[in-house]
Amino acid sequence: MSDEDRDLVLFDGPNRIARGSDAAVVAAFRKALATSPQAALRVFDLATGRPVDLDLREREAAPPPRRGRPRLGVSAREVTLLPRQWDWLAAQPGGASAALRRLVDQARKTGADAGARRRCTEAAYGFMVEMAGDAPDFEEASRALFAADRDRLAALIAPWPTDIQAQILDLFDGEAA
C-alpha cells in the first residue's frame, strides 16, 4: 500500500480534527499548524493504530502515465513441494498455478475473520497506548480490549476524552480500518 492509499487520522491533543488520505491529512495538518503553531498534532495510521510522520514537503506534479501494457501485479516465485504434491497439483483442473491460487484464496477466507479481529485489536491497542497510556483504568481497558469485551472496554474508557474513546471503539469495531 502506498502512502497515498493510507487512511489516517489527525488529532490535536485529545481532539480528532481530520481523517482521510495522506494528502487530505497533510492539508488539515498545515491548516491546523497555521491556525495554532503550538498545537499538539499527532497523526495515526488507522490500519495499525500507530503514529506516522507526514511528509510535509511540496510535491512536484506526478509524471504522465507510461505507455504500454499495465503491470498486473503477477510475480513468479519458487515453490518447493514433494513429488507427490506436484503430482496432485498437476492433476487439478487448470493446472498447478490455478490450484495453488484456489487453495490460497480458500485459506485466506477461512482465516480472514480471526486475522481481521486480531488486526483491529492490535490497531486499537496501538492507538490506545499512544493517546491514553497514562489514563485511568488503562490496564483494565487493555484487558477488556484483548478479551474482545466491547461493553467492558466502553465502560472503562468512558471517562477518557470523547474523541479518543470514539477512535478506540472505531478501531475495535473495524470501522476505522
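**View 1. The largest nonpolar core of the predicted model.** Of the 24 residues in this core, F127, M128, L153, W160, I164 and I168 touch the most other members. A nonpolar core is here a set of buried Ala, Val, Leu, Ile, Met, Phe, Trp, Tyr and Cys residues joined through side-chain atoms within 4.5 Å; buried means under 20% relative accessible area, exposed over 50%, and partly exposed in between (1.4 Å probe, protein chains only). Two or more residues come from each of β1 (8–12), α3 (95–132), α4 (138–146), α5 and α6 (162–173), and α3 gives the most, with six residues. Helices (H or I, at least four residues) and strands (E, at least two) are DSSP runs, numbered from the N terminus. Apart from this core lies another, of 13 residues, among them L8, V25, V26 and V52. The model is predicted: local features need pLDDT of at least 70 and side-chain atom pairs count only at pLDDT 80 or more, whereas totals for chains, interfaces and linings use all residues. Residues are numbered from 1 along each chain as its sequence is written, and side-chain values use heavy atoms, with hydrogens and water left out.

**View 2. Surroundings of W160.** Leaving aside neighbours within four places in sequence, W160 is in contact with M128, A132, A135, P136, D137, F138, A141, Q165 and I168. Contact means heavy atoms within 4.5 Å.

View 3. In α5 (residues 150–157), L153, L156 and I157 are buried. Seen down the helix axis, the buried residues fall within an arc of 90°, so they line one face of α5; the arc is that of the directions from the helix axis to the C-beta atoms. On the other side of α5, D151 and A155 are exposed.

**View 4. The aromatic cluster of F11, F44 and F127.** These three residues form one aromatic cluster, in a structure that holds five aromatic pairs. F11 and F127 form a tilted pair, 5.3 Å centre to centre with 50° between the planes. Rings of Phe, Tyr and Trp (its six-membered ring) pair if their centres lie within 6.5 Å; planes under 30 degrees apart count as stacked, over 60 as edge-to-face and the rest as tilted. The pair links distant parts of the chain, with F11 in strand β1 and F127 in helix α3, 116 residues apart. F11 counts as buried at 0% relative accessibility, and F127 is buried with a relative accessible area of 1%.

View 5. D45 lies in strand β3 (residues 41–45). D45 is buried yet has no salt bridge, the nearest side chain of opposite charge, R6, being 4.7 Å away. Lys and Arg count as positive and Asp and Glu as negative; His and the chain ends are not counted. A salt bridge is a side-chain nitrogen of Lys or Arg within 4 Å of a carboxyl oxygen of Asp or Glu. R6 forms a salt bridge with D22, the closest N and O atoms being 2.5 Å apart. D22 is buried, with a relative accessible area of 8%, and R6 also counts as buried, at 14% relative accessibility.

View 6. R16 forms a salt bridge with D170, with 3.4 Å between the closest N and O atoms. R16 lies in strand β2 (residues 15–20) and D170 in helix α6, so the pair ties together parts that are 154 residues apart in sequence. The side chains of R150 and D173 also meet in a salt bridge (2.8 Å, N to O), linking helix α5 to helix α6.
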